Amino acid sequence: LTGSRDDDIVYRKSSSLQLYLLGYEFTDTIILLVKGRLYIVRSRKKARILEPLKDRQGDSKMRLEVLERSREDNNQRNFNDLIAAVRRGGTRLGLLLKESHLGDFANSWLAAVERDGLDKVDISLGISMCLARKDSTELEYMNKAALMSNKVFKKALVKELEDVIDQERKDSHDALAQKTSEAMEDLKSIDPKLKIPEGLVESCYFPIVQSGGEYDLRPNATSTEKPLSYDIIIASLGARYRSYCGNIARTFFVDAPQKAESTYAVVLKLIDVCMAKMTPGGRASDVYLAAAKYLKDRHPLLRQHLPKNVGFGLGLEFRDSSLVLNAKCPQIFHEGMVFNLAVGLHDVPLSIAEAKTTRGVARKLEKFSILVADTVQVQVEGPPKVLTRYPKDYSEVSYNLEDGEDEEEEESEAPDEDSEEEEDVKEVKPERNGPGGRRQLRDRSARNESDADAVKRLETQKELLKRNMQDLAVRRRRQMERENDQDDDEGLNAVEIQCFKDPKQFPKTMTPNQVYVDMAHECVMLPICGAHVPFHISTIKNVAQPDPEQDVTFLRINFYGGTSVTKDTPPSMAAITKKHGGQRIFIKEMLFRSLQNENLRRAFRQINELRKRVRSREAKEAEEADLVEQARLERLKDQRAPRLADVTLRPQLSGRKSMGHLEAHANGMRFTSTRGEYLDIMYSNVRHAIMQPCKEETMVALHFNLKNPIMVGKKKHHDVQVFTEVVDSSIALDSARRRHFDPDELEEEQRHKAMKRRLDNHFKNFSAKIEKICEDQGFAVKFDAPWRVLGFNGTPNKEMVLIQPTQNCLINVTEMPFFVCDLADVEHANFERVSATGRASAFDLALILNDHAQAPITIQMIDGPNLDSIQDFLTQNAITYTLTPQNINWKQLMNSQIVKDPRFYETTDEDGEPKPAGWAFLTQEEEEDEDEDEQVSEFEADSE
């Protein structure tokens, strides 16, 4: 029974039942279920909505009767029919006795039941248990509700909370809650990429923010008008997705006292204790009793601060009163139930001495409370699955606003290592003044200067390593948050695979009980129980034909599915597996047999051909996925476009060579070949522009390293270049022997140098014109030139080339494939095959990129004398480096848990034990190897 709408009461069990059965909430409605019949009494307009259900009853034993409300007799005839239906089955009528209803219609029905003398029975518990176990669709809605709760909590509430603390604003609790509520109504404001239709997400309740020592851990608490206090802050909110509820709550600590931190550790342990009891077959009361017993045995002083319950059931109702996790709830856990596990401690006292352990505002507290709440789903076995994934670690919910002190004192107490080095240098003197003594002193002085530079560089590297690791630790945390967001979005936005919209679209040429391959719709029609069922080709992993037995031919089809996703899994199937892998049953394989081998053999060939065709198309789409549509070229109108004639494009547009001219326009450049083909390069897409002079080279070039790849011919490229080779128009091939001072040879050499200068000036003038146009049009394109004096030979690909540094890159643009490494993308460098003394005849350089998904760039076979200059160059560019005596298997290392550890850049591990931060562990391994070598050498010396 539902009466008139009451805006003061949001959640009713009667409304939840309507939503579950009909997907819509009707007011002034009676739903009566008796043996064999379901009666619904509604207004005429709403009754017509339910009429189509009567036509779909078919052979069902349950019949639907829709009765229209009547004003003529005040519904007495309808009431009599309903009571008569009840009387045919007995005298007991189940009602939701604890609910109150508004309106004449509801009161008239209750009065009719009272007059007839039916025995009224409360059915609240039965309906609660019916709605408690969620099916796969409901669990999907619950999961999305939890994801939205987590997203709004992280990107709206926590972000606003941090802004208030950072800017030292005096916003009230209610103002913070109001801004969070507005973000819940406008999800695009926190995540423009979120593809959730409007109206599907709403707030379960007005968000709650509490601080300053006044806390209420009940779900009906309210946010006060008092300003936020920077001490211990409790924040909670809930989101509804398609009327299904999710909830999350966290406690944040700002300069909190030590007792608050230790108490929070107890709460986290309590959560583990509670979750261990939430398994199928266990009682709800066992959860609370286990928490109470843990506190009584381990922390008896905190037992009295445990609230009367540790959570409640979630679903269409935000708080199901029949499924409260307290000491008296006898209900049994079943798979598919969802709960709000809310564990906390209320009004824990804080003495004056305990409060003085902090200098923050929290020292004024006399008591504090802690609350941690998550939406959890009961699994088939093991502890429940946490659906709200906001971190709970103390390091993630604590803030320290105190400034460090005594740094200057620590620095003054540090020993002066430079002075010790100077004393060591002064002791180095020549042993004699005879022949070679002056040279010995000069060599030693140069060596001492080199050692001093090395010591200074080492100190700089230590400072860089410490500073960079702190920045990288912050970046790692943000990256993990983004990855969680992407996982959330993938779960929300996964697209189902669909072959046909309607069975009427099935092919008409199919033969019963035979495998049919539909190339047009990219699916395979498989006969199952006499009916053809379509399977999209992306769901098929492989197909095989086992050896025939006598006259019987077989065809085995293996499918993707389960919880495992490999690199060969198609993207669409990977998304579906990730979305439904833990909830749905997947078909692993099918085996078909036939006495006529021709059909199965034809199907085998067609399936393989279709898989090949689809994979080829998907590979092309994946290759072009990161292509960005370029703007249309705008030609210069008020002046003549600068032109660079007689140049060659690399990579070529078509054929073996693409020759033509390059023109500069308002928003980009256009290369036009002699065949009439053209290629546009937009200024906005240029990341680095490099002018390679022809001094000591055989070519002069303008090289453009692009932000986003573009299609050149049939392939995408990140680098485009125009160049001109430096050669004479004619070469004398006479066999006459020339003298050393041959005038013709000298004249030819001078002509060659003049041509190089002319080409250099020609390209420099053109690059200057491009910079002038970009400056006028608002584009940041500046040409950089390599420093040849700092260049070194190495092998970045397959051939040894001259690698030259520029202001922002390490490059080689004279040989293909091009090598351009942006120093801004380099996180760390490692020198391999370098001995413990820091010397090597030849070494390798591995450049680890910021994006760990990309393999490190390795430059091999660099001459040993270049070691110091490269280390100086890296140090000047604030890039840390390490030395290792052996090569490292980077593919294995980058995929290992060492690098993927969330605390990789921290100085301590999860247990608080000190460890090397970031890539410093490479140096540590080297030192351990060195110590072992020293121990071996000492043993050998003693044995002699």
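Author: Helices (DSSP runs of H or I, at least four residues) and strands (DSSP runs of E, at least two) are numbered from the N terminus. The model is predicted, so local features need pLDDT of at least 70 and side-chain atom pairs pLDDT 80 or more, while totals for chains, interfaces and linings use all residues. Residues are numbered from 1 along each chain as its sequence is written, and side-chain values use heavy atoms, leaving out hydrogens and water.

Reader: How many helices and strands does the protein have?

Author: The protein has 944 residues. Its secondary structure comes to 21 helices and 37 strands.

Reader: What share of the residues in the protein is buried?

Author: A residue is buried at under 20% relative accessible area, exposed at over 50% and partly exposed in between (1.4 Å probe, protein chains only). Among the 944 residues, the buried share is 44%.

Reader: At what angle do the axes of α3 and α4 cross?

Author: Helix α3 covers residues 76–87 and helix α4 residues 104–116. Axes are lines fitted to C-alpha atoms over the stretch in contact, with angles from 0 to 180 degrees between N-to-C directions. The two axes come within 10 Å and cross at roughly 45°. Because angles under 35 degrees are roughly parallel, over 145 roughly antiparallel, 65 to 115 roughly perpendicular and the rest oblique, α3 is oblique to α4, at roughly 45°.

Reader: How many residues in the contact of α3 with α4 are charged?

Author: In contact (heavy atoms within 4.5 Å), Q76, F79, L82, I83 and R87 of α3 meet F105, S108, W109, A112, V113, R115 and D116 of α4. Asp, Glu, Lys and Arg count as charged, Ala, Val, Leu, Ile, Met, Phe, Trp, Tyr, Cys and Pro as nonpolar, and the others, Gly among them, as polar. The contact holds 7 nonpolar and 2 polar residues, and the number charged is 3.

Reader: Which residues of α5 make the contact with α1?

Author: Helix α1 (residues 13–22) packs on helix α5 (residues 124–132) at about 40°, with axes 11 Å apart. That angle makes α1 oblique to α5. On the α1 side the contact uses K13, S16, L17 and Y20, and on the α5 side S124, I127, S128 and L131.

Reader: How far apart in space are K277 and V287?

Author: K277 lies in helix α8 (residues 258–277) and is partly exposed because its relative accessibility is 40%. Beyond its neighbours within four places in sequence, K277 touches D286, V287, A290 and F333. K277 and V287 are 10 residues apart in sequence, yet their C-alpha to C-alpha distance is 5.5 Å.
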